[in-house]
Amino acid sequence: MFALHLLTLLVITLVKAQQQQLLLPGSCSFEFSTCGYTSDPKYATWTVNEEGRFIAADAALMDSKDKAVLLSPELELLDWSCLRMVYQITGKGSLQLHLRPDGENFDYTLWTSEKTSDSWLIASVDLRNMTKPYQLLMEGRPSKGAGNSVAIFEIHIVPGYCIECDFEEHHLCGYNNQWNPNVNWYVGGSLARDPQSDLPDDHTMNNERGHYMYVDSVYAKKFQEVAKLLSPMTTTPMSGCLSFYYKRNQAQGNYFSLLTKDELGHYEELWRPDAYATPNWKLEQVDIKAPHPLEVVFEVAFNSPRGGYVAIDDISFSPEFCHLETEPNFDPSVADCDFEEGFCEYHQERIGGSVWNRVSVKPNVYRVGDHTTGTGSFLLANTRFTSRPGYVGRLHGPVLPGNFKYCLRFHYALHGFMKIDNALALYIYDDNNVAQEKIWTVSATSRDVWTEVDITFQKPMPTKMVFVTICRNFWDCGLVSLDDITVTIGDCRVTAGPLRPPPGQCNFEQGDCGYTQEKRQHRGGWLRIRGQTPTSYTGPKGDHTLGVGHYMYIEASHMLPGHSARLLTTELRGTNSPQCLLFSYHMYGSGTGVLSVFLRRHDNRHRDIRHRDSLLWRRQGEQSISWMRAMIDYECYTKHQIIFEAVRGSSIRSDIAIDDIVFKRGPCKDPGDSIPYSGFSENFNEIEY
């Protein structure tokens, strides 16, 4: 902490520079008070430095607790605003910023950092306009051991967007220069500059006192080197008009461009100037779309020792596009389909008869049902025309605009194939029905398991997805199933998906989600596993999320009849609004027992903890060889937990599994699995068209 004290002097001017700027509620310099910020009593305490100036979570003062949570006062910010936080991580640790909306059970992570430093750093985080109150949470996690700490020097919340900047303040709005040994961006302006310099006056104040950013060829030692000025990473989806002023001389000797950079390091050029030189500051407006986190990059390269300079100033943003010809934001969900209500926007070629058919399978122990609910509809190829010597089935999706990066996700399953060559492939067609590229084909896979596929693709022209299945000899061919197609904007590696679940969702791919087990006498335990369970004729062949991922289950061979296992969620805050709980469950085996869901209220009205548990839902006996979906509406205004209890049945063929748990604001829209209690279901081997 001594190092922190010495470094506070380096940023005191930051506070003074912003005294004239409008600060919104939630701002705090921690100089004289904590401004309504408090430590969550369940965790370690944030402590204010004896001389003020900053607040810190020090590993030496945290006893056995692993984190300290700082809660803001309740905030109501109706307009878009930008939070700028000056922080430092000393030694090892992390700092996260969360948003806690009023009336919701879960917090939303806005920003996180594990970057250690011997100086203060600045984080810039966009706060969307919201219609309901919320709190901000700063979660500090210094690693155990002496010398590890997380400190916050100040929190400033100002109107506007974080990518906006006039460069008049020392923090430069979080913009940073990507250091290069020879060519870099510098702060221009001020009265102390060289009087012989031909650099311009600042645009904001139109005098020598103001500041701007510039890059000059006079410092270049090697040419064709690039200077990059990067904005803060956007933290929430946004689109609109980016405006800035620039000044450029000796344009024949330099290259100037505006790009975006995503989390994967991919660049996309948005603009290049059409003017070779600008004697005065020139306004430029560029439309930008940021559906996922991006940085704006101002890039300059020189190819001459007299390449001159490029300067920029007064970057601003508007949520309205600046050019009428810019295409409006496209909603890719037009290509989503779970086939519960029909083919959606998909259609197949009618030449040679219908190969793709929409079917449903009643829950049974012989045939896999659909992926969505286990009892719904999906597409099945080669269902009615099994006597045909062969077929080609093409399923066409809707036309998608060009120049977008799309993330396509879908589930497929195979049954009975001797050879899987050409069983299922995905092509990109243009809007003239001409195949452009084959982007995926099925490889070796498990049979009768719904397997998830994600594919990222981008084309300059309008395109559509076409699923193709080919059978050259029906003796080698089986059944191809397709379900739950979704399309989002962005690369699959950075968009929300199975490996990046949003708050309130748990698919066990990254661990147990903080869930705990209740250990008592005559109880077993929930196990996290991937693939098929060890005992034959019971349990799933794969998980519900990916087909090759993880899920939780009880191994009946490790338990006695009547023994149970209880899995408890993390503590939920409780809200005044209805809540919806969804999850997938698997109950297959001749000796299957009971799966129940309980609500445990955390109050003092009942001394016996068992009396706090109320039954929400129950299933008994064998249900299906498929994963089934459950939907539960409930209300609870106090802190609580949800308990998943599995009771072992009469034989070892009694494995019970759960996966893909989702909490969201209720009520549940789809009636789904609305029957609260159910016993053994009959066996059917029937496909309905």
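Is cysteine 513 buried or exposed, or partly exposed? I looked up its accessibility and found 36% relative accessibility, so cysteine 513 counts as partly exposed. The cut-offs I used are under 20% relative accessible area for buried, over 50% for exposed and in between for partly exposed, with a 1.4 Å probe and protein chains only.

**Basis.** I am working on a predicted model, in which local features need pLDDT of at least 70 and side-chain atom pairs count only at pLDDT 80 or more, while totals for chains, interfaces and linings use all residues. Residues are numbered from 1 along each chain as its sequence is written, and side-chain values use heavy atoms, with hydrogens and water left out.

**Disulfides.** I searched the whole structure for disulfides (a pair of cysteine sulfur atoms within 2.5 Å) and got 8.

I started with the partner of cysteine 513, which is cysteine 506, at an S to S distance of 1.9 Å. The torsion about this S-S bond is about 85 degrees, so the disulfide of cysteine 506 and cysteine 513 is right-handed. Cysteine 506 counts as buried at 3% relative accessibility.

Next I took cysteine 165 and cysteine 173, whose sulfur atoms are 2.0 Å apart in a disulfide. Their link is right-handed, with 75 degrees about the S-S bond. Both cysteine 165 and cysteine 173 are buried.

I then looked at cysteine 407, which a disulfide joins to cysteine 492 (S to S 2.1 Å). I noted 110 degrees about the S-S bond and a right-handed link for cysteine 407 and cysteine 492. Cysteine 407 lies in strand 25 (residues 405-415) and cysteine 492 in the loop between strand 30 (479-489) and strand 31 (505-506), so the pair ties together parts that are 85 residues apart in sequence. Strands here are DSSP runs (E, at least two residues), numbered from the N terminus. Cysteine 407 is buried with a relative accessible area of 1%, and cysteine 492 is buried with 8%.

**Strand 15.** I checked how enclosed strand 15 (residues 238-248) is: 10 of its 11 residues are buried, so the strand is largely enclosed by the rest of the structure. For pairing I required that DSSP finds at least two bridges between two strands. Strand 15 pairs with strand 18 (residues 282-290) in the antiparallel sense over 9 bridges. Within strand 18, lysine 289 is the bridge partner of serine 239. Strand 15 also runs antiparallel to strand 20 (residues 309-318), joined by 7 bridges. There, serine 316 of strand 20 stands opposite serine 243.

**Glutamate 268.** I located glutamate 268 in strand 17 (residues 267-271). Glutamate 268 is partly exposed, with a relative accessible area of 42%. I listed its contacts (heavy atoms within 4.5 Å) and found Leu258, Leu259 and Thr260, not counting residues up to four places away in sequence. I also took the C-alpha separation of glutamate 268 and valine 297, which is 9.6 Å for residues 29 apart along the chain.

How values were computed: Helices (H or I, at least four residues) and strands (E, at least two) are DSSP runs, numbered from the N terminus.
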